[in-house]
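Open the model in your viewer and keep the selection panel at hand. The stops below go from pockets to the whole chain and then to one helix.

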Amino acid sequence: MGELDLPNRIVMAPLTRMRAQSHDHVPTTLQAEYYAQRASAGLIITEAAAISQEGFGWADTPGLGRRSKSADGDVSRMPSMRRAAASLHNSGTTGAISHPELLDGAQPVSASNVDPGQISVTPTGRKPTVTPRPLTKKEIRVTVADFGRAARNAMAAGFDGVQILANYLYLISQFLNATTNVRQDEYGGSLENRSRFLFEVVEAVLSELDAQRVGVKISPMHEGSAFPSQ
């Protein structure tokens with residue numbers, strides 16, 4: 001597959017396991033055992049990892065964000081999730097699907113202040129999403145840089161590639177969707193403008209990795225509420 005020599009054609013799809021430590025999002029020995037048990041697959045796409053502290057939108061999930069968020073650096077978190085054969089790491093940020101409980105009380109961010117009307121999985125249980133605040137242009141630039149940094153951290157941790165999450169209910173899809181993106185600047189309006197954030201993220205990741213080791217997961221949604229399929 002591109003530059004990767006796979007031992008077989010079996011590909012394991014990503015599955016959210018909720019087994020990282022809740023206080024610092026570091027993968028546990030249970031996650032290491034989970035992936036080791038599946039090491040005979042030709043390719044494993046791991047569970048999603050947040051690109052920054054602000055990107056967490058699901059309880060007990062791992063992270064690949066800024067080094068300053070942990071004493072020993074985020075790179076040290078991830079080798080327990082990789083395995084001997086090829087592995088790709090999912091990288092993303094949840095945006096409006098997050099919840100103040102996951103963000104130390106802060107308001108979630110998104111393309112616009114549109115509540116997606118979904119359910120957020122918090123440490124105390126499932127909670128309805130809240131109305132997010134729109135990202136500023138400066139925050140968009142920081143988030144784009146976070147994607148590049150997370151990709152670099154993933155490769156330093158030993159992964160064979162990364163997959164950018166532009167599907168489901170993640171932040172990038174909140175920019176792509178005309179219902180959740182009602183911005184009036186260059187990131188909203190036309191399809192070209194709504195796609196701008198995705199393309200900037202891809203360019204940031206490609207500045208760190210060879211294109212053959214980068215994928216983008218993108219698909220229409222069939223959710224209700226404020227997130228119809230488009």
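Begin with the largest pocket, whose lining by class has 13 nonpolar, ten polar and three charged residues. The model is a predicted one. To find the site, select Thr16, Ala48, Trp58, Tyr168 and Tyr170, which lie nearest the pocket centre among 26 lining residues. The space in this largest pocket comes to about 460 Å³.

Next, colour strand S2 (43-50) and strand S3 (86-92), each of which supplies at least two residues of that lining. Which element gives the most to the lining of the largest pocket? S2 does, with four residues.

Now move to the second largest pocket, which holds about 360 Å³ of space. Select Ser52, Gln53, Glu54, Gly55 and Val109, the closest to its centre of the 23 residues that line the second largest pocket. By class, this second lining divides into nine nonpolar, eight polar and six charged residues. Helix H2 provides the largest share of the lining of the second largest pocket, four residues.

Zoom out to the whole protein and switch to a cartoon view. There are five helices and nine strands. Traced along the sequence, they follow the pattern β-α-β-β-β-β-β-β-α-β-α-α-α-β. Of the 230 residues, 51% count as buried. Switch to a surface: the protein exposes about 10,300 Å², and carbon and sulfur atoms supply 53% of that area. If you display contacts between residues at least 6 apart in sequence, 67% of them join residues at least 24 apart.

The last stop is helix H5, residues 196-206. Show its side chains and select Phe197, Leu198, Val201, Val202, Ala204 and Val205, which are buried. Look down the axis of H5: the buried residues fall within an arc of 160°, so they line one face of the helix. Which residues are exposed on the other side of H5? Phe199 and Glu203 are exposed there.

What do the buried residues of H5 pack against? Select these elements in turn to see the partners:

- helix H2 (137-156), the helix kept from the second pocket
- strand S8 (161-165)
- helix H3 (171-176)
- helix H4 (191-194)
- strand S9 (214-217)

Key
Residues are numbered from 1 along each chain as its sequence is written. This is a predicted model: local features need pLDDT of at least 70, side-chain atom pairs count only at pLDDT 80 or more; totals for chains, interfaces and linings use all residues. Side-chain values use heavy atoms; hydrogens and water are left out. Buried means under 20% relative accessible area, exposed over 50%, partly exposed in between (1.4 Å probe, protein chains only). The arc is that of the directions from the helix axis to the C-beta atoms. Contact means heavy atoms within 4.5 Å. Accessible areas come from the Shrake-Rupley method with a 1.4 Å probe; for residues, only the protein chains shown count as cover. On a 1 Å grid over the protein atoms alone, a cavity is a set of points where a 1.4 Å probe fits but cannot get out, and a pocket is an open set with protein on both sides within 12 Å along at least five of seven lines; lining residues have an atom within 4 Å of a point. Grid points are joined across faces, edges and corners, and a volume is the space filled by probe spheres set on the points. Ala, Val, Leu, Ile, Met, Phe, Trp, Tyr, Cys and Pro count as nonpolar, Asp, Glu, Lys and Arg as charged, and the others, Gly among them, as polar.
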